[in-house]
Amino acid sequence: MSRRSILIIGGGIAGLSTGCYAQMNGYDTTILEMHDRPGGMCTSWQRKGYTFDYCIHNLAGTRPGSGLSQMWDELGAFKGTEVIDHEVFQRVESCDGKEFNLYCDLDRLERHMKEISPDDSKVIDEFVNAARSFSKIDFFGMGTGGFKLGMISKMGKLMKYSKMTIEEFSSKFKDPFLRRAFRTVQYNMSEIPMTVILVFMSGFDNGDLGWPKGGSFEFSRRIESRFIELGGEIRYRHKVKRIIVDNNRAVGVEMEDGSEQIADIVISAADGYSTIFGMLDGRYLNDRINSYYEAIPKNEPFGIEVNLGVNRDVSSEPHAITLLLETPLKIEDREEDSIYLELFDNDSGLCPKGKGIIKADLVGSYEYWKALRTDLERYRAEKDEIARRVIDILEERFPGLRDQVEVVDVTTPVTCERYTGNLHGYQPWPSKVHTRKVMKEGLSRTLPGLEGFFMVGQWAGATVGVSTVALMGRDTIEKLCRMDKKRFVSQIV
Ligand SMILES: Cc1cc2nc3c(=O)[nH]c(=O)nc-3n(C[C@H](O)[C@H](O)[C@H](O)COP(=O)(O)OP(=O)(O)OC[C@H]3O[C@@H](n4cnc5c(N)ncnc54)[C@H](O)[C@@H]3O)c2cc1C
């Protein structure tokens, strides 16, 4: 029987992973990527000797032998690099010198929190013990068989945390500093479920949530290499305009230059909105899909990133710090009372010796920046202004920093949309507790009434995450093999 062919639209992590597993399973695979490089959102870029990293803060599945690490080994994602395990997830600092370190080791975290507020022992026990219970469940290994059925019984009592926001949990603390600091623990997203921070803390405690040295683009590059070694083909600067459909079956794609490519299966690993409403002209819809896209939030966590390349050694600092602000930071038409920072030293592989990178992640509104960008000068001036305000705040925490800044680079939701095609530069971050059901559940990987077609990636599931989308690629090829009555195979590099 001749090999079946697959066209994959998009060479982000979802597309690359899908491509690797398709090649391992005997399909002829071509990835069409509009950009000139792999990775999509999982990327970094160079500016005057500094590498500014856009994506990975923490990556699931980094402990050798864990359920999910098997997938990364199959994709060659860590080949030739090291994984850094941080001592603290992040430190929250108040203006009056108080510190809350989210130690990755749960015993140490418990002792530290009780030192900050002995009166809160009961709620601290609740938090740390819940995280310990989560540690016994291999959540990250679910898709690769690491998750065992017996684990479900352990989940019962933990389910209540999926209905409780981080904000709601933080209100249990009597100590005012801990109460305020706890709201910010998950990248400042206080309206998302407590389960997210519990899964994170359990992942850290298990050593299964690390940071691949060299950053996001190098990470993507390694998976791209694996795809090519497996015999796959990737074509850059190939933007797909339309999915060709014959008798309600996807049979190929039309490129922007009008050329056509035909295949047995088409898989979109590109932005969901442009796939469904653009490339397929909105012909394969249902109420769920419409409802999902209507509910896309207006403000985007990590929408704005201010990257500073600094002539300063930051190696004695924690890798992530949240500063609780006395004077709020004005961004767009809002005021923020805290700011989340990430710091990289030479050991990260992102900057020269003795220098550092400080990145401030801020909430950003697409509409605000889109409107500004009609006037490029104003858009740039506003980016400069935000950077200036961030530097002013940092000057207090890192005296002398203002004069040490060598490079400034600011991204907005519009930057993300331009480079990756993602609608409004949006990320389906873990949904807020109080939101539409469809936002929590996500969409399906197929479209109603369309054959020969799949969607993978962050738009086809309920949430973001490099590991989530890579796993989705693996799972989709496993399904395809079942449909084609073939045994799914995977190989470790
Ligand atoms: C600021 C930030 C921080 C993050 N931090 C983390 C983290 O710490 N840990 C983690 O696990 N995840 C993190 N994520 C999430 C993670 O980056 C994404 O979930 C994941 O990379 C999405 O991958 P994807 O392949 O689904 O989509 P994308 O990365 O968006 O890839 C889609 C690809 O399709 C291409 N494309 C689009 N349209 C077309 C077209 N018409 N024709 C051809 N090609 C097209 C794009 O150029 C792109 O390469 C972060 C994301 C952001 C933005």
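**Close-up views of a predicted model**

**View 1. Thr411 sits in strand 19, which covers residues 405-411.** This model is predicted, so please read each view with that in mind. Is Thr411 buried or exposed? With a relative accessibility of 3%, Thr411 counts as buried, because the cut-off for buried is under 20%. Which residues does Thr411 touch, once its neighbours within four places in sequence are set aside? They are Trp45, Tyr54, Gly303, Ile304 and Glu305.

**View 2. Three strands form an open sheet in the order 11-12-13.** Their pairing is antiparallel. Strand 11 (240-246) and strand 13 (260-262) are the edge strands: each has a single partner strand, so one side of each has no neighbour in the sheet. From one strand to the next, the twist averages 30 degrees.

**View 3. Here we look at the pairing of strand 11 with strand 12 (residues 249-255).** Six bridges link these two strands in the antiparallel sense. To find your way across the pair, look for Ile243, which stands opposite Val253 in strand 12.

**View 4. Helix 10 (residues 272-279) crosses helix 11 (residues 287-294).** Two packed helices are described by the angle between their axes and the distance between the axes. For helix 10 and helix 11, the axes come within 12 Å and cross at roughly 125 degrees, which makes helix 10 oblique to helix 11. The crossing is left-handed. Helix 10 brings Gly272, Tyr273, Ile276 and Phe277 to the contact, and helix 11 brings Ile289, Asn290 and Tyr293. Of these contact residues, five are nonpolar, two are polar and none is charged.

Note on methods
Residues are numbered from 1 along each chain as its sequence is written. This is a predicted model: local features need pLDDT of at least 70, side-chain atom pairs count only at pLDDT 80 or more; totals for chains, interfaces and linings use all residues. Side-chain values use heavy atoms; hydrogens and water are left out. Helices (H or I, at least four residues) and strands (E, at least two) are DSSP runs, numbered from the N terminus. Buried means under 20% relative accessible area, exposed over 50%, partly exposed in between (1.4 Å probe, protein chains only). Contact means heavy atoms within 4.5 Å. Two strands pair if DSSP finds at least two bridges between them. Axes are lines fitted to C-alpha atoms, for helices over the stretch in contact, and angles run from 0 to 180 degrees between N-to-C directions. Angles under 35 degrees count as roughly parallel, over 145 as roughly antiparallel, 65 to 115 as roughly perpendicular and the rest as oblique. A crossing is left-handed if the near helix is turned anticlockwise from the far one by less than a right angle, and right-handed if clockwise. Ala, Val, Leu, Ile, Met, Phe, Trp, Tyr, Cys and Pro count as nonpolar, Asp, Glu, Lys and Arg as charged, and the others, Gly among them, as polar.
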